[in-house]
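Let's take a walk through this one together.

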Amino acid sequence: METIILAVVIAVVVLGALGGLIVGSRRRKPLPPPPPEAPDITAPPAEPHVGDEAETPRDEPRRTIEEVDLPGGPAPVAVEEPPVVEAPEIEIEIPEPTAGRLVRLRTRLSRSQNALGKGLLTLLSREHLDEDTWEEIEDTLLTADVGVQPTQELVERLRERVRVLGTRTPEELRGLLREELVKLIGTDVDRTVRTEPEDRKPGIVMVVGVNGTGKTTTTGKLARVLVADGRSVVLGAADTFRAAAADQLQTWGERVGAYTVRGPEAGDPASVAFDAVKEGKEMGVDVVLIDTAGRLHTKTGLMDELGKVKRVVEKHAPLDEVLLVLDATTGQNGLVQARVFAEVVDITGIVLTKLDGTAKGGIVIAVQRELGVPVKLVGLGEGADDLAPFEPEAFVDALIGE
Ligand SMILES: Nc1nc2c(ncn2[C@@H]2O[C@H](COP(=O)(O)OP(=O)(O)O)[C@@H](O)[C@H]2O)c(=O)[nH]1
Ligand SMILES: [Mg+2]
């Protein structure tokens with residue numbers, strides 16, 4: 001019994017002394033602070049303890065210093081390497097050829113075809129073309145947004161020709177209607193998008209219109225059209241209002257290998273446009289396409305901004321083309337927009353988008369009348385190659401069926 005007590009006492013004293021030593025030595029000799037820039041985290045924990053094994057298996061791959069974000073910046077090793085994250089391989093796409101696109105996309109006009117083309121043909125095929133029927137024909141045209149003046153002209157011409165014709169077969173009527181619609185749309189205007197001035201390079205195209213009409217999409221699709229035709233393109237992201245707008249344009253460009261010039265968010269659109277043309281010149285590309293913002297909150301603001309973009313770009317060279325993008329589904333509202341933009345810049349061509357989503361294909365006629373400017377391109381879907389050069393005959397054929 002005594003020996004046990006003695007042994008316990010000795011053990012307690014020895015342990016106490018040891019503990020005191022350890023504590024004492026810690027007090028006297030504090031551990032050096034870890035080096036601030038790179039603690040040696042590759043070293044294993046100093047003293048393995050019971051249970052450690054369960055927490056961190058020995059065979060766990062050791063983390064190296066490059067994999068760890070250290071507070072206060074990356075480790076020196078990481079700094080030496082360029083901070084480029086492996087860029088995903090961008091595959092350059094080969095866009096569809098542009099010739100005959102409208103013919104290929106004609107089924108997209110089915111809504112307009114049903115409302116306008118089929119409606120008119122059905123009415124014209126009636127046994128008796130009485131006053132009521134002519135009124136219905138007029139209504140059909142007005143509903144399809146052809147516009148009052150053009151509608152009256154068309155109905156007058158049709159009435160006259162039907163009267164002269166006497167007997168009429170469905171083929172004859174179809175032929176009549178086709179001719180008159182084509183005449184109304186006009187075949188004697190130049191609908192080519194002017195991108196190749198004779199005396200200099202690059203051609204400069206500016207795309208304008210209200211937000212949401214499809215400006216950026218159209219600019220991207222147009223870049224593809226040009227690339228498909230063998231031209232090189234630089235894009236100018238002059239919609240600096242939202243960073244997303246520049247991203248959107250750049251994405252379009254990357255798909256066909258077109259470089260996008262962009263500025264800081266909320267930066268000056270005019271200087272982005274200027275830089276885009278400058279860059280285009282230096283790179284020796286064929287065409288520079290400038291996408292713009294379309295805030296229509298205040299007309300004066302828009303005027304100032306677009307007017308300035310135009311003036312600044314024209315320090316390089318005159319604009320070859322100013323395309324106004326109009327959403328065909330907005331109908332008469334589109335005409336109001338068209339008027340406002342026409343006051344600000346000289347519109348040289350119209351792009352009618354979203355014709356795939358409307359029965360109001362007649363807007364093509366109305367908007368040309370309104371501005372005295374030809375429709376040059378039509379948007380027939382959200383797909384990358386759903387932009388077609390506008391051809392009156394193909395358009396009318398799509399409307400009234402072949
Ligand atoms: N269905 C259809 N949608 C279109 C067409 N053109 C553009 N869009 C869509 O309209 C929306 C607005 O287009 P965006 O180019 O961003 O308009 P922005 O604000 O004028 O630049 C997008 O969702 C486009 O995909 C078209 O021809 N048909
Ligand atoms: Mg846009």
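This is a predicted model: local features need pLDDT of at least 70, side-chain atom pairs count only at pLDDT 80 or more; totals for chains, interfaces and linings use all residues.

Start at strand S2, residues 233–238. Six of its six residues are buried, so S2 is largely enclosed by the rest of the structure. In a regular strand, side chains alternate between the two faces of the sheet. Here, Val 233, Leu 235 and Ala 237 point one way, while Val 234, Gly 236 and Ala 238 point the other way. Residues on either side of S2 are buried.

Now look at who sits beside S2. Strand S4 (residues 287–292) pairs with S2 in the parallel sense, over six bridges, and Gly 236 has Ile 290 of S4 as its bridge partner. Strand S3 (residues 259–262) also pairs with S2 in the parallel sense, this time over four bridges. There, Leu 235 stands opposite Thr 260. To get from S2 to S3, the chain passes through helix H10 (residues 243–256), and this β-α-β crossover is right-handed.

Next, the nonpolar cores. The largest one has 78 residues, and the members touching the most others are Val 208, Leu 352, Leu 355, Val 378 and Phe 395. Helix H8 (residues 170–185) gives this core its largest share, seven residues. Zoom in on Leu 352: leaving out residues up to four places away in sequence, Leu 352 touches Leu 326, Ala 328, Ile 363, Val 364, Val 367, Val 375, Leu 377, Val 378 and Gly 379. There's also a second, separate core of 21 residues, with Val 193, Val 205, Leu 222 and Leu 323 among them.

Conventions: Residues are numbered from 1 along each chain as its sequence is written. Chains are lettered from A and ligands numbered from 1 in the order in which they are written. Side-chain values use heavy atoms; hydrogens and water are left out. Buried means under 20% relative accessible area, exposed over 50%, partly exposed in between (1.4 Å probe, protein chains only). Helices (H or I, at least four residues) and strands (E, at least two) are DSSP runs, numbered from the N terminus. Two strands pair if DSSP finds at least two bridges between them. A crossover is right-handed if, with the strands pointing away from the viewer, the path from the first strand over the helix to the second runs clockwise. A nonpolar core is a set of buried Ala, Val, Leu, Ile, Met, Phe, Trp, Tyr and Cys residues joined through side-chain atoms within 4.5 Å. Contact means heavy atoms within 4.5 Å.
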